[in-house]
Each structure stands twice: as structure tokens, then as C-alpha cells.
Amino acid sequence: MISYIIVSYNTSEFTQNTVETIIKSCSDCEIIVVDNNSSDNTVNDIQNRFAEFIDSKLFVIACGENNGFSKGNNIGAERARGDYFVFINPDTVVVSDIGAQLKTIAETKYKNKKVILSPQILNPDYTEQHCMNSFPFAGLKLFFKKAIKQINLKSNKKYIKSDWVTGVCLAMTKEVYGQLNGWNEEFDLYSEDLDICYRLKKNLRGQAIVCRQLKLLHYGNQSGKKVYVTNYASYKKKSDSLKKFFLLHSTEKRFIKWLKFCKRYNNSEELERYYGELTGKIKNEDSKI
């Protein structure tokens, strides 16, 4: 059985839509909605609209506080009965039995391998949304990886290896989830997808892969933009989460080096301001990466 796990926060209408499309498109599955103490009546809205599925196919966990994205996913996984987990955002539209398709790919093409799979994410206008990423290590290696990725995209390959894939939709076996000890609850929002894919690669010698023939529509950042109302507030939160990744797996010095690299090739007002706020806080440590 496939377990779809959705973490919601003040996204009632979007979450209902995602649940409805999963119910219509997917068989042999359960849906677990973990609500992070929303104030927009998400829990009641879902329970009322899908009353016939409650406690049979649809399970709603109402948290008394906002636990963040990672912990919310772990709470959902603890409740899950399936042997294959699909962690999916509450602002997506499912148009095929995507969990079963991803599970079949994992069991056939990647049998006995440690993989995290993602469909190709689409914008609301059906253009492709960026979902393949390189680990944030500056240098020629990064440019090489980007060049290889562009070649793969143009070649229309069905399966493309990626250092990490965005957390819009991440699918893995229950076994791989357990071997990773789940999502890292050090991250409440942003960079948790980077972290779990990095640990997959480092600890399990696994691989993140985008299955480009499978499509998933994504509206994007519906929870985040309600919390972080300015561009800089959102940018700072994302950057602070990335900094946390570096502190866990490398050093602050390496993070500053990464920011310098970004400033050189793709500077912005937000980056300039963020970099300025961090200047002078570097400890003289050797990089671990």
C-alpha cells in the first residue's frame, strides 16, 4: 500500500484539492494529513468534505502546535501503514496514480538500490518547474554537474540523477525512510529536502532521481509566503536553513565561501544584504567537505 503524507499549514483550500485529486487518481493507498495547528479551519474543512473516507482511507492528525515540515512528515510516517511513502506538498494536483508508478519504478528499475524518487514538477502554466539540484559546493565541479544536467534535460531522458530533489514530492520505501532515521527535525522549513538527499548519498550511498515521464502540478510555497510576507524575510529564512545544513555537515566558513561564490555569479539585493549581516562572523575552521 502507498502512504501519501501531507503536511498542511493554513492551506485549507489547496490541501482539500490535493486530497481530492489523490482520492480520484490513486488506488491502494491511504492519505495522512498532518495539520500544523492551522488557523483557517483546515482540519474541520477536510473532515467535513471527505467524511466518507475518514479513518478508512483518509486520516487527519491535528497538531496542537506548528511542528514544522520535517517533524510533521515524521509524525505522518509514524502513523503510516504502507510500505511505500510519498511525501507530497498540500498545493499539488495529482493527475495519475503517481505513488504506484513511483513504487513500480523503484521495485523494477532500481530494485535493491537506495533511491529517493521525484516526478517532474510543473508550474501552474504546465511549464517545467526547477526540481533538480546540485549539492551547494562551489567550484568547477558544480559547473560540470550543471552542464551534464542540461545535456540530460535536452536528451529527453526519462530518469535523471540529481544530487537532491525539491521536497514537493519525495517518494521512498519505508525501509529507506527508516535507514535515514526519517526527516531531520533540525529543519522546520526549507533545506530539509537537501539534507535528506545528502544523507541518502553520504550514509546509504543512495541516489535521488527525477522520473521525468511522471508529472505533478505545483502551485508553490503556499504556506511559506503566508508566514514570510516580505521578499527578504523569505530569502533570509531559506538562507538560514541552508546555513544550518552547512553547520551540520560542514562549517560556517564553507557557507560563507558558498555565499561569495553566489555573489560572484548571481548576486541580488537580498544576497548582498544577507552576506553583509554575516560578515565578520566566520570562525577559522577547516572545511569538512
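Which helix holds both phenylalanine 261 and tyrosine 265, and how many residues apart do they lie? Both lie in helix α10, four residues apart, about one turn of the helix. Helices here are DSSP runs of H or I with at least four residues, strands are runs of E with at least two, and both are numbered from the N terminus.

This is a predicted model, in which local features need pLDDT of at least 70, side-chain atom pairs count only at pLDDT 80 or more, and totals for chains, interfaces and linings use all residues. Residues are numbered from 1 along each chain as its sequence is written, and side-chain values use heavy atoms, with hydrogens and water left out.

Next, select the aromatic rings: the structure holds 15 aromatic pairs. Rings of Phe, Tyr and Trp (its six-membered ring) pair if their centres lie within 6.5 Å; planes under 30 degrees apart are stacked, over 60 edge-to-face, and the rest tilted.

Select phenylalanine 255 and tyrosine 274. Their ring centres are 6.4 Å apart and their planes at 85 degrees, so this pair is edge-to-face. Phenylalanine 255 belongs to helix α10 (residues 252–266) and tyrosine 274 to helix α11 (residues 269–278), so the contact ties together parts 19 residues apart in sequence. Phenylalanine 255 is buried, at 0% relative accessible area; buried means under 20%, exposed over 50%, partly exposed in between (1.4 Å probe, protein chains only). Tyrosine 274 is also buried, at 1%.

Return to phenylalanine 261 and tyrosine 265: with centres 5.0 Å apart and planes at 50 degrees, the pair is tilted.

Finally, select Phe135, Tyr198, Tyr235, Phe245, Phe246, Phe255 and Tyr274, which ring pairs link into a cluster.
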